Amino acid sequence: MTIKQFPKGFLWGAATSAPQTEGHSLENGKTKTTWDYWYETAPEKFNDNEGPENTSNLYEMYVEDCKRMQDIGLNSYRTSISWARLLPDGKTVNKEAVTFYRDYFKQIKANGVKPIINLFHFDMPMWLMNKGGWEAREAVDAFAFYAKTAFETFGDLVTDWTTFNEPIVHVEMGYLYGYHYPALVDFKKAVQVGYHTLLAHAAAVSEFRQVLPTGKIGIILNITPTYTRSDAEADKKAGLASDLLNTKSFLDPAVHGTIPQGLIDLLAENELTPETQAEDKVLLQNTVDFIGLNYYHPRRVQAPKNPHVPAVMPEDLYAPYDWPEKRINPYRGWEIYPEALYDVAMMMKHEYKNLPWFVSENGMGVADEERFMDENGMIQDDYRIEFMVEHLNYLHQGIAEGSNCFGYHTWTFIDCWSWLNGYRNRYGFYRVDLNDHYKRTLKKSGLWFKEVSKNNGYDDVINVD
C-alpha cells in the first residue's frame, strides 16, 4: 500500500454556479437571463419540465449548506455571481443581491473554506442579449463594468477570482450546435462571439489589477485533450486544428498574452477572421495569475473525409474518431480516460510556463442514483469514488514530475440543476430531494472526500468500505 500525499496547502474542494444552485431566478431584484427566457419560450427543450426557477434553492439554504462544506472537509469552493442579480439593468447595483452575496461569502469563510468566485457561468442577462449578447462589441465594456463592480463590492471578502467558466462552451453550444440560446449554427458568428468573450476576459483582468492589486485572478477552461486516430499527417493536421480552436484559443492568450499564430492563420484560411480593433493586442496582454482546468473526457479526432472548403463547421477541420478501446460513462455518453490528467499536467508544465493551475472540475454524473441507496438512506456511490481515485492517481503523477498544480475540485458539492438536462444526472456529494423541500442527504463519496482532505492524500488501494 502506498500513500498518495499531495503538496502542503493543496485545495480540496468542489465547484458549482449561481444559476445552477441559487433558485429565486426572477425574485429579489434579479432580471431574466437567457435561460429564464428560453425556458419561458421553449420549455419542451428542458428535461422533465425542470427549469431555472428554483434549481437547488441555495438562496434560502446557503447558511446550512456552508456548514455542510465543513462537514465533508472542503477547504475551498468555487461558485459564481449572477450578473443579472447583481446588476439587473447592467448599471444599477441591486442592494439585496449585495446583502445576499456578502453574507454567503462570509458564511463560506466562517466554515474554514476558501471562496473562489467566478463572474460568468453561461448566464447572459437578457438585457444584454437583446443588444446582441457576445456578438456585440458593447458586451466587452459591459462585462468590464460588471467585473469592476463585483471586485469593489466583494473584494474585502474574496481574494481569488475567475472571469469565465468554460467560455468555449457558450461559443459552441450557442452558435454551433444549438444546445444553448440563441441556438444558432454559424461558424463565423461563433468565432466573433469567442473573440469578444476573450476581450471581455482581458478587460476584467485589467480592472482587477487596479481594484485588487494584491489578489489573484484566473480563468476556468474546459480542457478536452486531443488524441488523433494515428500519426498520419492528415490526422495530425486535424488534431492541431482541434487544439487550436478548443484549447489554445483561450489558454494561450490567458497565459502568454497573445493569440497563437496558427489559429490566426487557420481562421484566415477559412474566411473566419473576426472583426478586431488595433488596441486589442494591448488589452490581451493582461494575463492571469492561475488557470483552472475542467476535465471530464478527451477529444478523439481524425481527418475529415469530405470537408467543406472553406470550413462551415469545425467538423470540416477535424472529425470525431470512435476509439474502439474506450470506456464510457453510459449516463453522460462521455469517455472515461483518467490518463489525460497526467498529459494536461505536463502540458501546463512544458507549454504554459508551469503557471499555477488546479483541476477546477472533475466528476461523474449518474442517473437514478436512488438504486444505490442503502437501508439508512445513504447513496453508496462507490463508482464516484473509484472515478476520483483513478483521476487523482494520474494527477499525483503529474505533480510528482513537477507540474505546478495546487488543487482538485469536483463537480459538484450538492446535486445541482444542469441546463437542458435538469436533474437527470447527479454529480454531488450531497443528494437533493426535489420532492422533499430540497432536503440534502450525504452520499458515501462525501465521507471518503472528508478523509482525503483531512489526510491531504489517500491510499492508492481503493477502499470504500
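This is a predicted model: local features need pLDDT of at least 70, side-chain atom pairs count only at pLDDT 80 or more; totals for chains, interfaces and linings use all residues.

Biologist: Fine. How many aromatic pairs do you count?

Modeller: The count comes to 49 aromatic pairs. Take Trp83 and Phe120 from that set: their centres are 6.3 Å apart, with 75° between the planes, which is edge-to-face.

Biologist: Where do Trp83 and Phe120 sit in the chain?

Modeller: In distant parts of it. Trp83 belongs to helix H4 (residues 83-86) and Phe120 to strand S4 (residues 114-120), 37 residues apart.

Biologist: Is Trp83 buried or exposed? And what about Phe120, buried or exposed?

Modeller: Trp83 is buried, at 0% relative accessible area. Phe120 is buried too, at 1%.

Biologist: Now Phe151 and Phe208. Why is that pair called edge-to-face?

Modeller: Their planes meet at 80°, and the cut-off for edge-to-face is over 60, so the pair qualifies. The ring centres are 5.0 Å apart. This pair also links distant parts of the chain: Phe151 is in helix H7 (residues 138-154), Phe208 in helix H9, and 57 residues separate them.

Biologist: What accessibility does Phe208 have?

Modeller: Phe208 has 0% relative accessibility, so it counts as buried. Phe151 is buried as well, with 1%.

Biologist: Which residues make up the aromatic cluster with Trp35?

Modeller: Trp35, Tyr37, Trp38, Tyr39, Phe46, Phe122, Tyr181, Trp417 and Trp419 form one cluster.

Biologist: Switching to charges. Which ring does the charged end of Arg300 sit over?

Modeller: The ring of Trp323, at 3.9 Å from its centre. Arg300 also lies over the face of Tyr337, 4.7 Å from that ring centre.

Biologist: Next, His180. Where is it?

Modeller: In the loop between helix H8 (167-175) and helix H9 (187-211).

Biologist: Why do you call His180 buried?

Modeller: Because its relative accessible area is 9%, and buried means under 20%.

Biologist: What does His180 touch?

Modeller: Leaving out residues up to four places away in sequence, His180 touches Trp35, Trp38, Phe122, Val169, His170, Met173 and Gly174. Trp35, Trp38 and Phe122 belong to the aromatic cluster.

Biologist: Last one, Thr79. Which strand holds it?

Modeller: Strand S3 (residues 76-80). Thr79 is buried, with a relative accessible area of 0%.

Biologist: And which residues does Thr79 touch?

Modeller: Thr16, Ser17, Ala18, Tyr104, Ile116, Ile117 and Asn118, again not counting residues up to four places away in sequence.

Conventions:
Residues are numbered from 1 along each chain as its sequence is written. Side-chain values use heavy atoms; hydrogens and water are left out. Helices (H or I, at least four residues) and strands (E, at least two) are DSSP runs, numbered from the N terminus. Buried means under 20% relative accessible area, exposed over 50%, partly exposed in between (1.4 Å probe, protein chains only). Contact means heavy atoms within 4.5 Å. Rings of Phe, Tyr and Trp (its six-membered ring) pair if their centres lie within 6.5 Å; planes under 30 degrees apart count as stacked, over 60 as edge-to-face and the rest as tilted. A charge sits over a ring if NZ of Lys or CZ of Arg is within 6 Å of the ring centre and within 35 degrees of the ring normal.
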